[in-house]
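The following exercises are to be worked through with the sequence and the coordinates at hand. Each task is followed by a solution in steps.

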Amino acid sequence: MRQAMIFAAGLGTRLKPLTDTMPKALVPVGGQPLLWHVVMKLKAAGFERIVVNVHHFAQQIIDYLQANRNFGLDISISDERSRLLETGGGIKKALPLFDQQSPILIHNVDILSNLDLTDDLLSSECPPDALLVVSQRQTKRYLLFDDEQLLDGWTNVETGEVKSPYPGLDPSGLRQLAFSGIHVIWPRVFPLFHEMPERFSIIDFYLKFCHQYAFIGHVQKDLRLMDVGKLDTLEQAETFIKQL
């Protein structure tokens, strides 16, 4: 079964004042909410089961999906109204809603891209434990990968901070790639989430276990990706959508 999770619980503070009255997931781009764009992309790629986590203006998202009859898909809600759980905690809470034998593709609601979500990401004779879609773009924070594209750590190039289970890791000898907000986890790592607290970042999860499990960086050739997280990117997003 093809299954996915859409992160739609965030407060969307960078999109204020729009998010003073609506969730980020329902901010329109090209005449349709961000959530619509991600759901349609997943549907076109053959995904059948989708879990959407909600917190900020949660009922608006629930009503929107119901009004559209879940777009003909099996869509469940992971309700975080009582407490926002961050990315890792959000996955941990949602795990019981998924088929435990199939991988889960995770997609931020505010990411638009030309990424092919079909076979490339999910089909492999020997799949990794997690696949992180990354790219070479300018940012402050990078994931660090070795020559085999295995995750070794994380760095903030502005502050010089490094996080890694490997003591004394030197970022200069590793590939520094930016995380896209799209990743896939395989069932082998599902039990590890029980070892984590209720609320945590998925990056912290990857860094905690990357010395024991195969977390691979996936660089998509000719990847075009846009994070529609700020007001000034909304207008650019309209053009971006048309080009896709």
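**Exercise 1. Identify the residues of the largest nonpolar core that touch the most other members.**

Step 1. In this predicted model, the largest nonpolar core holds 44 residues. Those that touch the most other members are Ile 6, Leu 35, Leu 42, Val 52, Ile 61, Leu 105 and Leu 117.

Step 2. Helix α1, residues 34–44, supplies the largest share of this core, namely 5 residues.

Step 3. Leu 105 may be examined by its contacts. Beyond its neighbours within four places in sequence, Leu 105 is in contact with Gln 3, Ala 4, Met 5, Leu 42, Phe 47, Leu 117, Leu 121, Ile 182, His 183 and Val 184.

**Exercise 2. Determine which residues of helix α2 are buried and what covers them.**

Step 1. Helix α2 spans residues 58–67, and its buried residues are Ala 58, Ile 61, Ile 62, Tyr 64 and Leu 65.

Step 2. Viewed down the axis of α2, these buried residues fall within an arc of 160°, and therefore they line one face of the helix.

Step 3. The face turned away from the buried side of α2 carries the exposed residues Gln 66 and Ala 67.

Step 4. The cover over the buried residues of α2 includes β3 (32–33), α1, β4 (49–54) and β5 (74–79). Helix α1 has buried residues of its own: Leu 34, Leu 35, His 37, Val 38, Val 39 and Leu 42.

**Exercise 3. Describe the backbone at the residues with positive phi that follow α1 and α2.**

Step 1. After α1 comes Gly 46, with a positive phi near 90°.

Step 2. After α2 comes Arg 69, with a positive phi near 50°; Arg 69 is not a glycine. Its place is in the loop between α2 and β5, and it counts as exposed because its relative accessibility is 73%.

Step 3. Phe 71 is found in the loop between α2 and β5. It too is not a glycine, yet has a positive phi of about 55°. Phe 71 counts as buried, because its relative accessibility is 11%.

**Exercise 4. Locate the cis peptide bond from Lys 16 to Pro 17 and describe the setting of the proline.**

Step 1. The peptide bond from Lys 16 to Pro 17 is cis, and its omega is near 10°.

Step 2. Pro 17 lies in the loop between β1 (3–7) and β2 (28–29). With a relative accessibility of 56%, it counts as exposed.

Step 3. Pro 17 and Leu 234 are 217 residues apart along the chain, and their C-alpha atoms are separated by 13 Å.

**Exercise 5. Why do Cys 126 and Cys 210 form no disulfide?**

Step 1. A search of the whole structure finds 0 disulfides.

Step 2. The cysteine sulfur closest to that of Cys 126 belongs to Cys 210 and is 18 Å away, which is too far for a bond; the cut-off for a disulfide is 2.5 Å.

Step 3. The two cysteines may also be described by their accessibility. Cys 126 is exposed, with a relative accessible area of 68%, whereas Cys 210 counts as buried at 5% relative accessibility.

Note on methods:
Residues numbered from 1 in each chain as written. Predicted model: local features only at pLDDT ≥ 70, side-chain atom pairs only at ≥ 80, totals over all residues. Heavy atoms only, no water. Buried < 20%, exposed > 50% of the residue type's maximum accessible area, 1.4 Å probe, protein only. Core = buried A, V, L, I, M, F, W, Y, C linked by side-chain atoms within 4.5 Å. Helix = DSSP H or I, 4+ residues; strand = E, 2+ residues; numbered from the N terminus. Contact = heavy atoms within 4.5 Å. Arc of directions from axis to C-beta.
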